[in-house]
Amino acid sequence: MATTSDDERIVSLSEGRYLCGLLTLTLADDPPISNSELADFLEVSAASVTEMLDSFEKEGLVTHEPYYGAELTACGERVAREFRWRRCAVQRFFEVTSRVQLQSEQAYRIGRLLSHEDVCKLSDRFDQPCSKYCEATEPDECNMLVS
């Protein structure tokens with residue numbers, strides 16, 4: 001489990017994937033996002049999405065209405081945007097410094113293992129478009145939002 005810099009909530013690597021997926025789909029389409037849409041996007045079962053969204057709702061990260069869909073709360077969006085920024089910073093760092101093309105999942109895992117301060121240090125080494133969280137407002141704004 002990892003703690004986000006702005007929140008004391010602890011969100012696991014797996015849970016972060018769901019939040020990031022919800023953010024990506026929200027940027028592409030107005031919320032709420034249906035469980036089946038999120039399940040298809042993440043390639044997981046609808047039952048696991050429902051279980052995760054119920055858990056997130058208890059923690060104040062999403063609002064979820066069964067059979068209607070889910071929406072990130074301000075806190076949930078903040079967490080998802082930090083995770084996206086971490087992944088992007090790690091991917092760009094590897095590309096710029098060593099020309100290594102990390103897969104999104106690899107960069108996401110590395111970004112979650114590093115402290116917030118360490119990711120900031122990586123980000124400071126090159127021209128990072130966002131600072132401390134993903135600032136994209138539409139999915140086509142950033143090629144890092146594709147996956």
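How do helix 4 and helix 6 lie relative to each other, oblique or roughly parallel? They are oblique to each other, on a scale where angles under 35 degrees count as roughly parallel, over 145 as roughly antiparallel, 65 to 115 as roughly perpendicular and the rest as oblique.

A quick word on the ground rules. This is a predicted model, in which local features need pLDDT of at least 70 and side-chain atom pairs count only at pLDDT 80 or more, while totals for chains, interfaces and linings use all residues. Residues are numbered from 1 along each chain as its sequence is written, and side-chain values use heavy atoms, with hydrogens and water left out.

**How the helices pack**

Two packed helices are described by the angle between their axes and the distance between the axes. Here the axes are lines fitted to C-alpha atoms over the stretch in contact, and angles run from 0 to 180 degrees between N-to-C directions. The helices themselves are DSSP runs (H or I, at least four residues), numbered from the N terminus.

| Helix pair | Angle | Axis distance |
|---|---|---|
| Helix 4 (residues 74-98) and helix 6 (residues 116-123) | about 45° | 9 Å |
| Helix 1 (residues 13-28) and helix 5 (residues 104-113) | about 120° | 11 Å |
| Helix 1 and helix 2 | about 110° | 10 Å |

Back to the opening pair. Helix 4 passes helix 6 in a left-handed crossing; that means the near helix is turned anticlockwise from the far one by less than a right angle, and clockwise would be right-handed. On the helix 4 side, Glu82, Trp85, Arg86, Ala89, Val90 and Phe93 meet His116, Val119, Cys120, Leu122 and Ser123 of helix 6, with contact meaning heavy atoms within 4.5 Å. Sorted by class, these residues are seven nonpolar, two polar and two charged. For the classes, Ala, Val, Leu, Ile, Met, Phe, Trp, Tyr, Cys and Pro count as nonpolar, Asp, Glu, Lys and Arg as charged, and the others, Gly among them, as polar.

Helix 4 also passes a length check: its 25 residues should span 36 Å at 1.5 Å a residue, and its end C-alpha atoms are 36 Å apart, which agrees. The expected span is 1.5 Å times one less than the number of residues.

**Helix 1 and its partners**

Helix 1 crosses helix 5 in a right-handed way. Leu13, Gly16, Arg17 and Cys20 in helix 1 touch Glu105, Tyr108, Arg109 and Arg112 in helix 5, a set made up of three nonpolar, one polar and four charged residues.

Arg17 also makes a salt bridge with Glu105, where the closest N and O atoms are 3.9 Å apart. Arg17 sits in helix 1 and Glu105 in helix 5, so the pair ties together parts that are 88 residues apart in sequence. The count of salt bridges comes to five, taking one as a side-chain nitrogen of Lys or Arg within 4 Å of a carboxyl oxygen of Asp or Glu.

Arg17 turns up again facing helix 2: along with Tyr18, Gly21, Leu22, Thr24 and Leu25, Arg17 meets Glu37, Leu38, Phe41 and Leu42.

Most residues other than glycine have a negative phi, and most peptide bonds are trans. The peptide bond from Pro31 to Pro32, though, is cis, with omega near 10°. Pro32 lies in the loop between helix 1 and helix 2 (35-42). Glu43 has a positive phi of about 60° without being a glycine, and Glu43 is found in the loop between helix 2 and helix 3 (46-59).

How values were computed:
Helices (H or I, at least four residues) and strands (E, at least two) are DSSP runs, numbered from the N terminus.
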